[in-house]
Amino acid sequence: MTPEPGRRLRLVIASVIALAVVLLIGVAVGRLSSPNPVVPGQDSVEAGFSRDMQVHHEQAVEMSMLVRDRTDDASVRLLSYDIATAQAQQAGQMYAWLEVWGVSQAPSEPTMTWMSRPTLDGSYGEHAHGSTATPSGGATTSTHTPGGRMPGLASAADLARLQTLSGVDAERLYLTLMIAHHVGGVEMADAVLARSDNAQVRALASGMVSIQQSEIDAMTEMLDERGGPVPVS
């Protein structure tokens with residue numbers, strides 16, 4: 001018998017917490033062995049990114065677990081499993097960072113505020129004007145209104161709708177939502193790359209850009225094979 005989505009999601013979250021403990025130890029060891037490490041603060045770009053990207057990843061895990069229970073298609077089930085496990089692991093890593101840095105898991109300012117911070121090259125923020133190229137080759141360095149909806153986040157209505165569908169209908173909605181979700185994730189990763197020189201954060205964000213862009217390409221092809229995207233809210 002296939003476990004209920006809620007139970008399966010709890011199992012994934014439990015494994016993430018266990019992984020976060022292991023990562024916490026590893027990061028702490030690295031921190032102690034580094035000469036004069038600069039630790040991100042409560043309202044730093046790095047802390048804001050880590051908090052918001054955890055929330056973003058958690059929705060990707062939720063959507064992926066939902067569609068796995070609503071389709072028998074092997075390619076969609078494999079893709080959704082890969083996305084769920086990868087993003088759960090990354091969420092655990094970011095959770096561990098916040099613990100090691102000694103900052104709260106809860107934000108003290110509106111979500112996405114970090115995306116309004118100045119960029120490292122000075123092309124955005126304070127007195128800067130215009131746009132600049134993103135690390136992954138996009139047209140502009142992303143900014144965002146503090147407290148606004150995260151880039152690519154699916155609406156509650158679309159998540160509820162996904163729970164009512166099955167087969168190809170569920171696949172099309174999932175792929176439509178996940179492509180947008182990944183585009184938003186790449187936007188957020190590009191934004192932190194433009195604003196942080198923290199080696200650990202940059203390594204994770206760069207990996208996100210590479211992996212999620214390749215998954216966007218694969219999902220676009222899969223969606224085209226199933227009749228293309230569906231309208232979403």
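This is a short chat about a predicted model of one protein chain.

User: What kind of model is this, and how are residues numbered?
Analyst: The model is predicted, so local features need pLDDT of at least 70 and side-chain atom pairs count only at pLDDT 80 or more, while totals for chains, interfaces and linings use all residues. Residues are numbered from 1 along each chain as its sequence is written, and side-chain values use heavy atoms, with hydrogens and water left out.

User: How many helices and strands are there?
Analyst: There are 6 helices and 0 strands. Helices (H or I, at least four residues) and strands (E, at least two) are DSSP runs, numbered from the N terminus.

User: What share of the chain is buried?
Analyst: Of its 233 residues, 46% are buried. Buried means under 20% relative accessible area, exposed over 50%, and partly exposed in between, with a 1.4 Å probe and protein chains only.

User: Which residues touch the most others in the largest nonpolar core?
Analyst: That core has 48 residues, and F49, M63, W114 and Y174 touch the most other members. A nonpolar core is a set of buried Ala, Val, Leu, Ile, Met, Phe, Trp, Tyr and Cys residues joined through side-chain atoms within 4.5 Å.

User: Which helix gives the most to it?
Analyst: Helix α5 does, with 13 residues.

User: What does W114 touch?
Analyst: Leaving out residues up to four places away in sequence, W114 touches V45, G48, F49, D52, M188, A191, V192 and R195. A contact means heavy atoms within 4.5 Å.

User: Now α2. How many of its residues are buried?
Analyst: In α2, 21 of the 24 residues are buried, so this helix is largely enclosed by the rest of the structure. From first C-alpha to last, α2 reaches 34 Å, close to the 34 Å expected at 1.5 Å a residue. The expected span is 1.5 Å times one less than the number of residues.

User: And M94, buried or exposed?
Analyst: M94 lies in helix α3 and is buried, with a relative accessible area of 0%. M94 and S50 are 44 residues apart in sequence but 5.2 Å apart in space, C-alpha to C-alpha. Beyond residues up to four places away in sequence, M94 touches several residues, including F49, H57 and L204.

User: What is the mean pLDDT?
Analyst: The mean is 85, and 76% of the residues reach 70 or more. pLDDT is the predictor's confidence in each residue, from 0 to 100.

User: Where is it below 50?
Analyst: Over residues 126-135. Where pLDDT is low, the predicted coordinates should not be read in detail.
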